[in-house]
Amino acid sequence: MGLLRIMMPPKLQLLAVVAFAVAMLFLENQIQKLEESRSKLERAIARHEVREIEQRHTMDGPRQDVALDEEDDMVIIYNRVPKTASTSFTNIAYDLCAKNKYHVLHINTTKNNPVMSLQDQVRFVKNITSWKEMKPGFYHGHISYLDFAKFGVKKKPIYINVIRDPIERLVSYYYFLRFGDDYRPGLRRRKQGDKKTFDECVAEGGSDCAAEKLWLQIPFFCGHSSECWNVGSRWAMDQAKYNLINEYFLVGVTEELEDFIMLLEAALPRFFRGATELYRTGKKSHLRKTTEKKLPTKQTIAKLQQSDIWKMENEFYEFALEQFQFIRAHAVREKDGDLYILAQNFFYEKIYPKSN
């Protein structure tokens, strides 16, 4: 190839380069059109599925004026942080929904944008609260926390989430963009073809592994305020901590996912009955692993840990881990190396006035 390039006249070389560039642009344009067509098809299929469900409920009889009981009126939102075992956990909900009789809905935002426009926030809140055909419902998607109270909602949904060690999450995401996972191995990823390791990326100061990329779990819990997405904002971290304590029913950690599932099954059996056993068997669709992932060296980790952004994200992670372990310590007991959910540990007495 090198000899042919030397023998070609300069004008032909230039024409060859231009022709190659045009061909690449054409291919990229075709790929983009295919992705847009796939997105439209997915939305059309989703709308069709929704219509089918609504028609089925209509045939069963109108529900608009029928008050749902407390459990059937329940809505859970899992605003999943990318690469925290979110797909693994969500697929458990899919595996159980028919058996436990609830609906699972994926919130698919354009280009996975975690921040909704104000008008979409209004639409989303209205859907969640008034869409009786989808109750009880489990909604999941890569969206940041949204405060339903500011929209005048009387009964707010139940928020749950899972977070992960920030460096481990970033490493997993880095390789996921290049090699995908064993869940959909044939799907082309955005950085496919880039063979550079995470260590090499950090050593060269690459943008895909920069410390700024660690800033994700804090804004997901902080919410839709502009300051939440200001990288390194102390206010954002404080708000994220406040929301985790006051607005989330339970937040687990990837490293202790089974315990998170066990607690959910004990506290919310309407949705998660059978989830612990399903997770332990390892035979269902929830098993998912990023392929070709190489663990970073101690030097790489130490370099990232010098960043103030890592220190803040790690502080938030440690805060969440402490809260989770505190909740777990008061909900389970250990016997022979296994954890068991505690039975009800309170009762009522001295009830007055006495009945005749």
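Modeller: Contact here means heavy atoms within 4.5 Å. Keep in mind that this is a predicted model.

Colleague: Then which residues does Arg-270 touch, leaving out residues up to four places away in sequence?

Modeller: Arg-270 touches Glu-71, Asp-72, Asn-100, Lys-101, Tyr-102 and Pro-136. Arg-270 itself lies in helix H10, residues 269-272.

Colleague: Is Arg-270 buried or exposed?

Modeller: Buried means under 20% relative accessible area. Arg-270 has 13%, so Arg-270 is buried.

Colleague: What separates the C-alpha atoms of Arg-270 and Met-74?

Modeller: The separation is 9.1 Å. Along the chain, these two residues are 196 residues apart.

Colleague: Now Thr-197. Where is its place?

Modeller: Thr-197 is in the loop between helix H5 (166-179) and helix H6 (198-204). Beyond residues up to four places away in sequence, Thr-197 touches Tyr-174, Tyr-175 and Lys-294.

Colleague: And Phe-20, buried or exposed?

Modeller: The cut-off for exposed is over 50%. Phe-20 counts as exposed because its relative accessibility is 58%. Phe-20 is found in helix H2, residues 10-60.

Colleague: Which residues make the nonpolar surface patch of about 430 Å²?

Modeller: Phe-20, Met-24, Phe-26 and Leu-27 make that patch.

Colleague: On to strands. What is the order in the open sheet of five strands?

Modeller: Read the order as S2-S3-S1-S4-S5, with parallel pairing. The edge strands are S2 (103-106) and S5 (248-253), and each pairs on one side only. From one strand to the next, the twist averages 20°.

Colleague: How many bridges join S4 to S5?

Modeller: Five bridges join S4, residues 158-163, to S5, and the two strands run parallel. For one of the pairings, take Asn-161: its bridge partner in S5 is Val-251.

Colleague: Which way do S6 and S7 run, parallel or antiparallel?

Modeller: S6 (residues 332-335) and S7 (residues 338-341) run antiparallel, joined by four bridges. Glu-334 has Leu-339 in S7 as its bridge partner.

Colleague: What should I check in the hairpin of S6 and S7?

Modeller: Look at the turn. Two residues sit between the strands. Asp-336 takes a positive phi near 55° in this hairpin.

Technical notes
Residues are numbered from 1 along each chain as its sequence is written. This is a predicted model: local features need pLDDT of at least 70, side-chain atom pairs count only at pLDDT 80 or more; totals for chains, interfaces and linings use all residues. Side-chain values use heavy atoms; hydrogens and water are left out. Two strands pair if DSSP finds at least two bridges between them. Axes are lines fitted to C-alpha atoms, for helices over the stretch in contact, and angles run from 0 to 180 degrees between N-to-C directions. Patches are made of residues with over 30% relative accessible area and no salt bridge: like charges are joined within 9 Å, nonpolar side chains (Val, Leu, Ile, Met, Phe, Trp, Tyr) within 5 Å. Accessible areas come from the Shrake-Rupley method with a 1.4 Å probe; for residues, only the protein chains shown count as cover. A salt bridge is a side-chain nitrogen of Lys or Arg within 4 Å of a carboxyl oxygen of Asp or Glu. Buried means under 20% relative accessible area, exposed over 50%, partly exposed in between (1.4 Å probe, protein chains only).
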